[in-house]
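Have a look at this protein with me. We'll go through its inside, its charged pairs and its rings, one topic at a time.

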Amino acid sequence: MGQSEKDSTKKVAYAVKTLEPGTVVWETEEEPGQVFVGLVDKNLRNDTRGSGGNGNSKDAARNQEGSIQLLIGHPTDGTFDDTAKKGPMVRFRQEDIASDSKSRNNRLFRGDLVKFRVFLDRRTKQKYARQIAVLQTEKERTREEKERKLLESATEEEGMVISLNNGYGFLKTNKRRQHVYFHYSNLVLPEDQDGFELKKGQEMKFLVVTEIIDGQTK
């Protein structure tokens with residue numbers, strides 16, 4: 001039986017010559033200089049299983065891949081636009097994450113908003129995110145959304161500090177009988193902070209919000 005048509009047209013190398021290391025280009029940037037934005041869909045595992053039993057945990061970690069959902073036309077200023085159109089998935093590896101102040105221990109988590117550049121692997125035709133930087137963590141976005149909802153029903157009131165403790169205190173308001181709790185992290189300090197000290201009896205202006213804790217309104 002003769003060779004199949006596929007076998008008879010098999011590609012072969014001819015006049016094979018050596019090249020200096022680094023000469024062959026394996027990756028090309030999809031849109032040179034273009035910065036894309038997306039949401040982490042699948043983060044990298046934090047273990048090194050899958051090393052094939054050879055004990056080479058470094059190789060296993062290097063070969064792990066996560067995925068990012070590209071958001072078409074999304075702004076790169078760090079604000080999240082939930083109306084942005086979803087694009088294709090792109091993959092990433094640990095070495096693609098740039099060291100920046102927002103990434104937690106140089107790791108990405110599901111829901112993190114990130115910016116990156118896209119490169120095409122010529123061998124596999126797979127697209128990869130490179131030079132990834134975190135614009136907004138999923139934790140930050142959840143906190144901001146919670147604050148936004150709280151402020152929708154906030155009322156502006158005036159009163160005075162009646163007690164201070166380790167990092168928190170209570171305010172007496174001129175609009176209600178019950179005292180209002182506050183945490184020092186919510187203080188808006190004056191522009192000239194030199195010599196400022198919060199004291200009992202200090203008159204204050206503040207927003208009163210309704211917070212839901214464990215299903216109960218506080």
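A salt bridge here is a side-chain nitrogen of Lys or Arg within 4 Å of a carboxyl oxygen of Asp or Glu. Keep in mind that this is a predicted model, where local features need pLDDT of at least 70 and side-chain atom pairs count only at pLDDT 80 or more, while totals for chains, interfaces and linings use all residues. Residues are numbered from 1 along each chain as its sequence is written, and side-chain values use heavy atoms, with hydrogens and water left out.

**The overall picture**

- The protein has three helices and twelve strands; these are DSSP runs numbered from the N terminus (helices are H or I with at least four residues, strands are E with at least two).
- Out of 218 residues, 27% are buried (buried means under 20% relative accessible area, exposed over 50%, and partly exposed in between, with a 1.4 Å probe and protein chains only).
- Take the contacts (heavy atoms within 4.5 Å) with a separation of 6 or more: 60% of them are between residues 24 or more positions apart.

**The nonpolar cores**

- A nonpolar core is a set of buried Ala, Val, Leu, Ile, Met, Phe, Trp, Tyr and Cys residues joined through side-chain atoms within 4.5 Å.
- The largest one has 15 residues, and the members touching the most others are I68, F92, L108, V114, F116, A129 and I132.
- Strands β2 (36–42), β3 (66–72), β4 (85–92), β5 (113–121) and β6 (127–136) each give this core at least two residues.
- Apart from this core there is another one of seven residues, including L171, V180, L198 and V208.
- Which residues does F116 touch, leaving aside neighbours within four places in sequence? Among them are V35, F36, I68, L70, V90, A129 and I132.

**Salt bridges**

- Side chains of opposite charge can pair when their charged atoms come close.
- Searching the whole structure turns up twelve salt bridges.
- In one of them, the side chains of R117 and E29 meet at 2.7 Å, N to O. R117 sits in strand β5 and E29 in strand β1 (residues 27–29), so this pair ties together parts that are 88 residues apart in sequence.
- Another salt bridge joins R130 and D96, 2.8 Å from N to O. R130 is in strand β6 and D96 is in the loop between β4 and β5, so to speak a link between distant parts of the chain, 34 residues apart. Both R130 and D96 are buried.
- E145 and R148 make a salt bridge too, with their closest N and O atoms 2.5 Å apart. Both lie in helix α3 (residues 138–152), three residues apart, which is about one turn of the helix.
- Salt bridges that share partners join E145, R148, K149 and E152 into one network.

**Rings**

- Rings of Phe, Tyr and Trp (its six-membered ring) pair if their centres lie within 6.5 Å; planes under 30 degrees apart are stacked, over 60 edge-to-face, and the rest tilted.
- By that rule there are five aromatic pairs.
- F36 and F116 form a stacked pair, 6.4 Å centre to centre with 25 degrees between the planes. F36 is in strand β2 and F116 in strand β5, so the pair ties together parts 80 residues apart in sequence. Both F36 and F116 are buried.
- Y168 and Y181 have ring centres 5.7 Å apart and planes at 35 degrees, so this pair is tilted. Y168 belongs to strand β8 (residues 168–173) and Y181 to strand β9 (residues 180–183).
- Y168, F170 and Y181 form one aromatic cluster.
- The charged end of R141 sits over the ring of F80, 4.6 Å from its centre (the rule asks for NZ of Lys or CZ of Arg within 6 Å of the ring centre and within 35 degrees of the ring normal).

- A15 has a positive phi near 55 degrees, though it isn't glycine; A15 is in the loop between α1 (5–8) and β1.
- K125, not a glycine either, has a positive phi of about 65 degrees, and its place is the loop between β5 and β6.
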